[in-house]
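Biologist: I would like to learn how to read a few features of a structural model. Could we take them one by one?

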Amino acid sequence: MIIQLLTNFIVSGAFAVIFNVPEKNIVQCCIVGMAGRLLHSTLLNHDYDTVQATLIASFSIGVISQIFAKFYKTPVIVFSISGILPLVPGGLAFDATRHFVEDHYNLGIQNAVKAIMTAGSIAVGLVLSEAFMQILKIRKKFRSHGFGE
């Protein structure tokens, strides 16, 4: 588990460097990626489906990215892209392609559908995290003006 955390830390940092993230934010990108992958692995170990675990992890990555963006006064995408990349279902897509090439169409379709659903859950998780943070922002605004009491 520790090796997996370290490798995800490094992978997130490497993608941050590839995407020209400012040097002062690379460690935060690494933390976001590592935290997302840790949550994903933990959920998989507790009998969650890959799609469910990816949805929850991507939602968490989105929330952490929003918090870091506000704290470090940096665009959200700086943290979310580097954090999301370790969750991308590249292995599933590769397996689907391999099964199609080897004429195992049933397995290829199963893996392709799972890869598409996993990729979709990444998108949905990020969108839900954005909506969640906007709702919190609106509620805070209403409470500060005396409407929430």
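**Reading the model**

Modeller: Keep in mind that this model is predicted. We can start with serine 41, which lies in helix α2, residues 26–45.

Biologist: Is serine 41 buried or exposed?

Modeller: Burial is judged by relative accessible area, and buried means under 20%. Serine 41 has 8%, so serine 41 is buried.

Biologist: Which residues does serine 41 contact, apart from neighbours within four places in sequence?

Modeller: Those contacts are with Met1 and Gln4.

Biologist: How does α2 pack with helix α4?

Modeller: Two values describe such packing, an angle and a distance between axes. For α2 and α4 (residues 76–84) the angle is about 45 degrees and the axes are 8 Å apart. The two helices are therefore oblique. The crossing of α2 with α4 is right-handed.

Biologist: Which residues make the contact?

Modeller: Gln28, Cys29, Val32 and Gly33 come from α2, while α4 supplies Val78, Phe79, Ser82 and Gly83.

Biologist: How many aromatic pairs does the whole structure have?

Modeller: The search finds seven. One of them joins phenylalanine 71 and tyrosine 72, with 4.9 Å between centres. Planes over 60 degrees apart count as edge-to-face; here the angle is 90 degrees, and the pair is edge-to-face.

Biologist: How accessible are phenylalanine 71 and tyrosine 72?

Modeller: Phenylalanine 71 is exposed at 61% relative accessibility, whereas tyrosine 72 is partly exposed at 30%.

How values were computed: Residues numbered from 1 in each chain as written. Predicted model: local features only at pLDDT ≥ 70, side-chain atom pairs only at ≥ 80, totals over all residues. Heavy atoms only, no water. Helix = DSSP H or I, 4+ residues; strand = E, 2+ residues; numbered from the N terminus. Buried < 20%, exposed > 50% of the residue type's maximum accessible area, 1.4 Å probe, protein only. Contact = heavy atoms within 4.5 Å. Phe/Tyr/Trp six-rings, centres within 6.5 Å; stacked < 30°, edge-to-face > 60°. Axes fitted to C-alpha atoms, helices over the stretch in contact; angles between N-to-C directions. Parallel < 35°, antiparallel > 145°, perpendicular 65-115°, else oblique. Left-handed = near helix turned anticlockwise from the far one by under 90°.
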